[in-house]
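Colleague: I would like to learn how to read a few local features in a model of this kind. Could we take them one at a time?

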There are 2 protein chains.
Amino acid sequence: MGTILRVDLSAKSIKKEPIDPEVAKNFVGAKGFAAYYLFKEIPPKVPALSAENKVMIVAGPLTGTGAPGHARCCVAAKSPLTGGWTDGYFGGAFGPELKYAGYDAIIIEGAAEKPVYLLIEDDKVELKDAKEFWGMGTFDAMRLLKEKHFTDKEPKVLCIGPAGEKQVLIANVIAESRAGGRGGVGAVLGFKKLKAVVVTGHKEVPIADREKFEEARRNAFQKLAKSPLTGPKGALPMMGTANIIKGVNAAGAWPTRNFQTGVFEHVDEICGEAFRDTLWQGGERRKPCPGCPVMCTHLAVPETGPMPGVADEGPEYENITFLGSDVGVADRDIIATAEYLCDFYGLDAISTGATIAFLMECYEKGLISKTETDGLDLKFGNGEAEIEAIIKIGTKSGKLGELGAMGTKRASEVIGKGSEKFAIHVKGLEVPAYDPRAAFGMGVAYARSDRGGCHLRPWTFGAECLGLAPAEEPYVPFCVEGKGTWVKQMNDVVAAFDCSGMCLFMTFGIDAVEDVVPLLNAATGFNFTSADFVKVGERASNVTRAFWFKHIPDFGRKYDTLPWRFLHEPMPEGPAKGKTVPLEPLLNEYYAAAGWDADGKPTKEKLAELGLDFVIKEIY
Amino acid sequence: MGTILRVDLSAKSIKKEPIDPEVAKNFVGAKGFAAYYLFKEIPPKVPALSAENKVMIVAGPLTGTGAPGHARCCVAAKSPLTGGWTDGYFGGAFGPELKYAGYDAIIIEGAAEKPVYLLIEDDKVELKDAKEFWGMGTFDAMRLLKEKHFTDKEPKVLCIGPAGEKQVLIANVIAESRAGGRGGVGAVLGFKKLKAVVVTGHKEVPIADREKFEEARRNAFQKLAKSPLTGPKGALPMMGTANIIKGVNAAGAWPTRNFQTGVFEHVDEICGEAFRDTLWQGGERRKPCPGCPVMCTHLAVPETGPMPGVADEGPEYENITFLGSDVGVADRDIIATAEYLCDFYGLDAISTGATIAFLMECYEKGLISKTETDGLDLKFGNGEAEIEAIIKIGTKSGKLGELGAMGTKRASEVIGKGSEKFAIHVKGLEVPAYDPRAAFGMGVAYARSDRGGCHLRPWTFGAECLGLAPAEEPYVPFCVEGKGTWVKQMNDVVAAFDCSGMCLFMTFGIDAVEDVVPLLNAATGFNFTSADFVKVGERASNVTRAFWFKHIPDFGRKYDTLPWRFLHEPMPEGPAKGKTVPLEPLLNEYYAAAGWDADGKPTKEKLAELGLDFVIKEIY
């Protein structure tokens, strides 16, 4: 039923543990496993930056199977940015390779005295001295680690950059150029002095019923090929997630200058179409995940700016927003370079751009001066200053680097002077690229998401503003009634999907439940109904919810809030002009639908229904 | 007797040609083959940046054999910087891989309409569309090309960067992070629109007499292990070529601020010992060529500066000089970053640093202003300006980029105002890192070298100033008599060695002739005596000399000169205080020893003696 690699960096020990079939059935993989193991194993209230915290890198049962979007892998830990739960997902070749080596997950515990990396070559697993790689940017570390450990296959590498090493709280992990681990998982690995995981595998990923699997797989591929979004020449393959930029801007929801408005006047210069026609060479300069039929990822190589010639995947929608409109920058090459630098230093580009945007607003309002910016003229639209700020944050250097490395919430606490009102985060995690004043579903999703400000738990925006659902209640943007319930249901579906090891973008062409359950059942031998599958998501979501209660003594409804700006400052223009988010009724309904009490705590009944007695014991 | 891959980019044709055994015996490989084929094949007086020019990438018979330093490979062409001959050598894994694929050389001719790259997988050879890689820096292009084409082995990549693409005249080629092709070979490939050569091979490199070869190999390895320079913990493994910095500075020969003096006051901050104890982690952060027992190359990762975290091999002696002392910069991290950027953009770091140094002197003397420097305060010692200048030159952007991309000679012609007097080049190629006023042997070597200012044809400095020869005439620095003869003899030895495919640094532990001939004979089945082998060098040198006569109508002695500064401006301080280079008598003696006439033209008699009738026909 799968194998976990348990790596204790303090004891320098490596163990292989089988996964309990009951756990496998209840939690499936990826998000589910991370929730189960980390909830059980991380002692209450330990600091996130401590040897007691644990990091889990975990694939799903469909990762590496050849299912569409089978490249997804999860990384999770207690977040040093929020103090609570965080799990993130990345594509690329790392996750499948971990499976090829015979592992479903790695649990990293303890802390090394000196920098190390984990080398996995099928059954051979060892910790190696990382002295020579410490201090390196991710691209260089990946390049040199690959070169060092090439056998008959190219090894796949997950690593942290200088930001993680320096425990920058918005540091992530980079796996084969893909980013994951919002909330500072990179900092946790940096604290633990684990520079990288290098993996090469040769095994076949087990499939319980190959015939049924191939049938389900064929069906999914066919649907994906037919969808106008995911099929050849569809919006996703041609423009990636950036295909929605014009739509988001038209809905008045595109974060601009630290969410001061939802409309960016230079949208035509940095929308998906503009990137497609320039840097992405008509949409053909691609860098897809292995085996993906959609191929949404492109490669950008800026021709101007501070470092022409750097090549990185992206920029995706979120990053164009936070390295572009939200900092007021409309230069594609600057955005692509900023993306490269975020990945090079191992910085979460959403949080990095958002923190810079916050600091820009502070600077423009006179709350900080060139003393705090190390002399940079940190105005909105100053692309050169943005680039400098990223490098400073990525290396925690100078006053600006120190300040930015804290993320928005802590920086606003240091700056004070009312800056908290436009510190755009939920629970400490910077809010992603949809202004919830223009789509109330995103408001309750942000307030409730299990890792803080997240755009994917669930993503209601497509339904609310982009025509991906009927224009009727509760799917219309400003509707309140019914919305909390809908968002809760969608949350469980996404959480279930995130246990599978498939990429969420597949759901633009196939159904997240009906088309996935056959794949999952065939691969695992389970006999899930659709309802069983969604229940897995609800179960995982309740565990991650309980994680917060376990770790934060006064956790409850007051944490499920939104930035002051979204609640009290009416949107100044566009279709959402005059709107703020009416959070309380949305949240009431969500809690009720979830079976949580008025303080947002899962009831004993709900937890018992989900078979989570170990959670009841811990939080009651 | 070996195979040449002939790639016609205009015709899109690829042919495999056997090498004539007679040619193999007379020219051996690497330098010899380049000299033979390019002399014969490049029509007289064609522009270097034209489809008629050809580039040759050529290994030696010992490349890839497992002989010590067997990683060497040559790249040669008609130089767009000098208008004459250029051949350069690089180590790393590319050369051996070319041999493993079954090829001794590639001749690249014609020019592609659109960017292409050459993919070699053993017998399968094809030209591929390089659109997606065009514009990329070398590290990114290498990383992505490797990822695209790995099979059961990691492919090895030679490529050009943005500088080559833009036909920057000081652009080189980067092969597996190693640099070669001074004199603008990168620009020639850029003109031809060949972005890269990607090679994977699985064949055994032929050895005529395996038993004798192993014996000679063992002998060479043993000697290298015993030498204080090349043995474990020797100066080369611990500090690379930078081990000599203190010695060169003590001899008053270390180029400082565009050769205004030979002593740098900050030598202790950027000498080999300083790099060893910091960036090179006690000398242990290494990145050797495959199979090399000496392992002179280190890896540097700057912790400060404009882009902390970049990882590149080096900086070597030459680059510390031209990115450090010669531009007045004493910051190790800036130097390491500058090195990274030169390699990233595919710029010859010697010429780039030297050109910047020249422009700095122009700026300080008021011959150019911020108009020409795009606003940069281009003073000696301004590391930030140095970094900016490299990026501008590497992308030929701005006025400074346009000016710098021409190299020193042409820039001085544009600037005028007497700047020609301190334009430090020979025949257009920037002079490397030994001030010849402090070692006259280097003076005649520079004046006569077959590619313009070169420190390796031959390198007399070790004998003259570093105690590598008895302190007696003609080896002492300021001796004139006997020196021209000595330098000529040494030139032939080095030229012979450069036909072998071995790395010149091996000669710090083994004899360049006595220990190489047994390896060469065993590998090839030749029966060279030592004299035969040296004759091969003399032959190749006469062909490359004749190349200039073939291509430049008025070529002759007047080209064999030195920068005005070395001839007329006495060294202001240090052991060489008051000295200038007495070039004429040195050159007279050299010509006489070489069997050349008073104008430096190889006589018919000499050419006939060397069996070079085809040369006589061409230049007489």
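Modeller: This is a predicted model. Start with helix α24 of chain A, residues 583-594: its 12 residues reach 16 Å from the first C-alpha to the last, close to the 16 Å expected at 1.5 Å a residue.

Colleague: Which residues of α24(A) are buried?

Modeller: Buried here means under 20% relative accessible area. In α24(A) that holds for Leu583(A), Leu586(A), Leu587(A), Glu589(A), Tyr590(A), Tyr591(A) and Ala594(A). The elements of chain A against which these buried residues pack are α18 (440-448), α20 (483-497), α22 (530-551), α23 (564-568) and α25 (604-609).

Colleague: How do I read a pair of strands?

Modeller: In a regular strand, side chains alternate between the two faces of the sheet. For the pairing itself, look at the bridges: in chain A, β1 (residues 3-8) and β2 (residues 13-18) run antiparallel and are joined by 6 of them. Opposite Ile4(A) stands Glu17(A) of β2(A). The hairpin has 4 residues between the strands, and Lys12(A) takes a positive phi near 55 degrees in it.

Colleague: And a loop residue? Where is Lys153(A), and which residues is it in contact with beyond its neighbours within four places in sequence?

Modeller: Lys153(A) lies in the loop of chain A between α4 (138-149) and β9 (156-159). Apart from those sequence neighbours, Lys153(A) contacts Glu97(A), Tyr100(A), Thr200(A), Gly201(A) and His202(A). With Glu97(A), the side chain of Lys153(A) makes a side-chain polar contact of 2.9 Å.

Note on methods: Residues numbered from 1 in each chain as written. Chains lettered and ligands numbered in written order. Predicted model: local features only at pLDDT ≥ 70, side-chain atom pairs only at ≥ 80, totals over all residues. Heavy atoms only, no water. Pairing = 2+ DSSP bridges. Helix = DSSP H or I, 4+ residues; strand = E, 2+ residues; numbered from the N terminus. Polar contact = N/O pair within 3.5 Å; in protein donor to acceptor, adjacent residues only side chain to side chain. Contact = heavy atoms within 4.5 Å. Expected span 1.5 Å × (residues − 1). Buried < 20%, exposed > 50% of the residue type's maximum accessible area, 1.4 Å probe, protein only.
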